[in-house]
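Thanks for coming. I have one structure to go through today, so let me put it on the screen.

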Amino acid sequence: MIATEANFASDLLDELFPICRSITGNGVRQTLNILSRTMNLNIHEIPSGKHVYDWVIPKEWNINDAYIADHSGKRVIDFRENNLHVMSYSTPVNARMSFDELRPHLQTLPEIPDAIPYRTSYFKEDWAFCLSQKQLDGLDKNQFYDVVIDSEIKNGHLTLGDSLLEGTSGKEYLISTYCCHPSMANDNLSGPIVSTLLYKKLKERGHYHSYRFVVLPETIGAITYLSENETEMQKLQGGFVVTTCGGPGGYGHKETFQGNHELDRAVRLIFRDANTDLISYPFVPDGSDERQYSSPGFRIPVTTISKDKYYEYPYYHTSLDNKAFVTGENLALTAEYYMKAIAVLEKNRVYRSLNPKCEPQLGKRNLYPSTGGGQKQIAAGAVNSDINNQVDIICWMMFLADGKHDLIDMAERSGYPFEDISHLADRLVEEGLLELIE
Amino acid sequence: MIATEANFASDLLDELFPICRSITGNGVRQTLNILSRTMNLNIHEIPSGKHVYDWVIPKEWNINDAYIADHSGKRVIDFRENNLHVMSYSTPVNARMSFDELRPHLQTLPEIPDAIPYRTSYFKEDWAFCLSQKQLDGLDKNQFYDVVIDSEIKNGHLTLGDSLLEGTSGKEYLISTYCCHPSMANDNLSGPIVSTLLYKKLKERGHYHSYRFVVLPETIGAITYLSENETEMQKLQGGFVVTTCGGPGGYGHKETFQGNHELDRAVRLIFRDANTDLISYPFVPDGSDERQYSSPGFRIPVTTISKDKYYEYPYYHTSLDNKAFVTGENLALTAEYYMKAIAVLEKNRVYRSLNPKCEPQLGKRNLYPSTGGGQKQIAAGAVNSDINNQVDIICWMMFLADGKHDLIDMAERSGYPFEDISHLADRLVEEGLLELIE
Amino acid sequence: MIATEANFASDLLDELFPICRSITGNGVRQTLNILSRTMNLNIHEIPSGKHVYDWVIPKEWNINDAYIADHSGKRVIDFRENNLHVMSYSTPVNARMSFDELRPHLQTLPEIPDAIPYRTSYFKEDWAFCLSQKQLDGLDKNQFYDVVIDSEIKNGHLTLGDSLLEGTSGKEYLISTYCCHPSMANDNLSGPIVSTLLYKKLKERGHYHSYRFVVLPETIGAITYLSENETEMQKLQGGFVVTTCGGPGGYGHKETFQGNHELDRAVRLIFRDANTDLISYPFVPDGSDERQYSSPGFRIPVTTISKDKYYEYPYYHTSLDNKAFVTGENLALTAEYYMKAIAVLEKNRVYRSLNPKCEPQLGKRNLYPSTGGGQKQIAAGAVNSDINNQVDIICWMMFLADGKHDLIDMAERSGYPFEDISHLADRLVEEGLLELIE
């Protein structure tokens, strides 16, 4: 299962990686079309110039080619080799210039001399080439260069996609990811790929709640989406921003603004139950689109499970965030953790004991093992037996089932896995010991 | 005083220890009769087959004799030597059998080769002998044995006792202990003996609240008692389950389900004030009869002060939990700690300052010492004096006496002993500085 | 600025130090007159014998001279050398007596043999000389001594001063200090001097709230003031008791009775922002006049910023608490910390976002830097730029501005200095992004 998904993820990464994406343009369209094969996205085109809250949809940017060529005509910097070489939203250029004239338009990252940095200039007209410090050092400072950026900025559209998996619970959760970065693997192809896996799994496995998948350019896309779907969005219970979740590093949990929301408790619980370390990142209002979803006018609780979180790994926003850094296995593994958290949301309920006075007799219901012996006995008035976990879990559940504790509370207070508790809840309902009240 | 009580406890232990008790039968009756000499118990007999909540009162079990004899007629295992040798509720047997036929009915505890384990089979018809691993190893595996259990299981009664010490406050607390284990000292003769001491002390010293003493078989007895006294039980403020409190180990505090109830605060305070270590055991729904009293339909806050708590000492539920393990001194000492906690409940009140604006002048009331000198002065406008604790305590009390803080709050926040605070409260009422409001 | 104030403080210390103060008498009047040059105090004289809550205004005490002279007429202990030599409120004496007769009236501090201790006997008629242990050791035990205390205790007045700096906010804060100790610098001339600096600074710099300055004898003075101004005092938001704040030691924060009041948060914040260590002293009902102001009938939240807090430094209440211990620089520095805390109270408000849905576009308002590059980007949809603090602070503020978080909350949660947050709040109001709601 995981192997199949790892292959699926790996193939999708191969296909999406070369595309030059930005916050608008054909790269986004191409990406959404590929994702849509699985996610069945509704594609929305919102015109340049449209006002969305405090913002305006920018002009659309597309690029065909770009290079810096030396006097011999050799391309010393070539967009076709790596689309990070051109600052996103660079205006067109076609000129011969001295190195000194060119220099202000060259950006490097001296700390990592092999890396091409990722740079953008969405809202200010400008152009630049990004290159590694080593490339810069190798350029002849006394030459003239032919500098070409064959790009176009004109009225067009911002493109985004959404897809709703409808459930029956009446509750809806958001799964949001962004698709506006050029050829970098962890930030941000890991987000769309894991989201695609989640869509696939939910569809295959079935689900109780509704899940709204959105794939959009970061910030301006989320703002646009909120603006266009204000009423629906205000009904959301909460959600996930899926980002930077395929690296080799540790798992991280960016907490919701609320800090101890059911979403946070679900995430902490599944990592506790999996005995896997989890780095806590308390909410801060930088980061990704939780900034928009959780803004005062919405306050949708949004959390992120990351693996090599943005800002935290050295290759962040560079050409070294590539397919050597992100593997299909890690993407599939992360998707499983998201699914575990979603499973907690799916199954978390409040039950009330139908046997609230004293404990029920488990023996007569075959819930109490009848063989064995041992030094720790649950009940002096019970069959002589091993105390196995099942009895202990049932005792906790029956004890807490006063209509004020949900299954997450039970898992937290008892220390037992949520999955076992959820499983036993069904059994105890069948036995007539619990009733579902919410 | 303590010496007298230690002797009393020691004598009672000697008298109760040999009796073979189970959850029903003559051993329970005999035990209750002995305790009743001090506690004046009302003995209740509830017939087999009666439904109590989810449970049914079992048949009554009695045993006269039991043994395994070898071919020479020698008893190699003899109930008359130790009543733990027979699994509680064993059905009658009278048969000659090979060792191999007998083996499935022999239970040992290989980890402690000298100990006979304690085993029961209340709700499933079965029989077994319990013996030490050493005894098992010494048996000739090629012999036939005469195996006799002269027991009887038939319709009869479950027996329990209660006794109410009525106070005048209108508040009632529970003191519950169980009496269903055969010859073991800490679990559970320590419970009935300490309860008896508490009854004796409360009767001798007087008391403000009412105290309901109950002595019953664990689990099924508590369920029966709750079922038979539902209305009265729902009026309880809280209580104690007295168990495993006479061993050589440290004091423990099993917290109430509520976790920070007045009962918990009282227990913590008296150990703080006595400068005695106390092991905290957060509530879990295994353990003893707090499982029934605090179940969702009752939620009576119940706590335990233990000394070598059940599950925690290696001799638990074995023949080594004997009179070498439990002493009269420890039983008397534990009873004093319970009495200290009860004294907190007896004396905890809410007072309101009759001098709420600014501090009172203590000097004119002879509450402020008039001699001495020193570098820490409470009040620049006060008589030059040592600051002794009394002044500091009074300052705290007058400061907190806003009708929202009880004496426990005052002891916790000031760090001063509850006893001193309670004592000074009376003095401050006499001085017209405080009035009792609750 | 600080230098000027340090000189001002130093000169005031020089002028006030020699005066013999007590809880009544001409020393207090002289002190209040000197302070009044800056603080424009209203001087109130309350007659001896008047009842103030539980207390009675004592008789007035004045002293002209006092000494112990040996047989040669030489003053071996001389009030003119140090007014601590006479216990405050000593009754008149004029007698020749043996050393043995004199001894019960001599008080020393053997732990610090060079120090004269400070002693008082306000409410019990008595007399004593205080001297260093070395002085006592040097006295001839076989001589007769002429012992003279030329003092007077008779009906008169208790003197105190107040001064109100009226603001426009409708909120009033208390700044209270005491002036009843003879020649000691930290306890308590540091209090009146820092209060005088605060008055001066508030008057010069302007202020939004009202500030009620009171200078009075400790305890009896505060009780009197509360009694005489009960209605006004009950309207106070809170305040400061300014005391022991000029020593060489660390800064301390005696917390309010409430413990986490706006005043406490303001004090903690300014020391956090200044990166200066602060010793926390949880509220206890000894100390200074917070005992009266925060008593149950008033519960005015009162805090203290100390520097070498009373009780905590070895020279406390001795002649070594002198001008070598307290400097003008330290007094000026402490006054600045008080002003910083007051500035937090002045500027703390609640704002509501006028752009609650999604984040505002900072670029178009020139709130977002347009140059630079870097690896940590606030907004993927924003101009390529360094993330400097200003953007991060604005993001926090806009995010928290839901009408439930004040500026202190914003500073605490974001970790950014209150001053920057307060400054940017004005800017964001100008930009139409925030509105003041409280």
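How much area do chain A and chain B bury between them, and what share of it is on carbon and sulfur atoms? Before the answer, some bookkeeping. This is a predicted model, where local features need pLDDT of at least 70 and side-chain atom pairs count only at pLDDT 80 or more, while totals for chains, interfaces and linings use all residues. Residues are numbered from 1 along each chain as its sequence is written, chains are lettered from A and ligands numbered from 1 in the order in which they are written, and side-chain values use heavy atoms, with hydrogens and water left out.

Now the answer: about 3100 Å², with 53% of it on carbon and sulfur atoms. Buried area here is the accessible area, taken with a 1.4 Å probe, that two parts lose on being put together, summed over both. Chain A brings 31 residues to the contact and chain B brings 38 residues, where contact means heavy atoms within 4.5 Å.

Which elements of chain A supply at least two residues each to the side that touches chain B? They are helix H11 (389-400) and strand E18 (402-406). Helices (H or I, at least four residues) and strands (E, at least two) are DSSP runs, numbered from the N terminus. H11(A) gives the most, with 6 residues.

Chain A as a whole has 13 helices and 19 strands. Its C-alpha trace spans about 95 × 45 × 35 Å along the principal axes. The chain has 438 residues, and 63% of them count as buried, meaning under 20% relative accessible area with a 1.4 Å probe, protein chains only. Of the contacts in chain A with a separation of 6 or more, 78% are between residues 24 or more positions apart.

Last, the cysteines. The whole structure has 0 disulfides over all chains, a disulfide being a pair of cysteine sulfur atoms within 2.5 Å.

Notes:
Buried means under 20% relative accessible area, exposed over 50%, partly exposed in between (1.4 Å probe, protein chains only).
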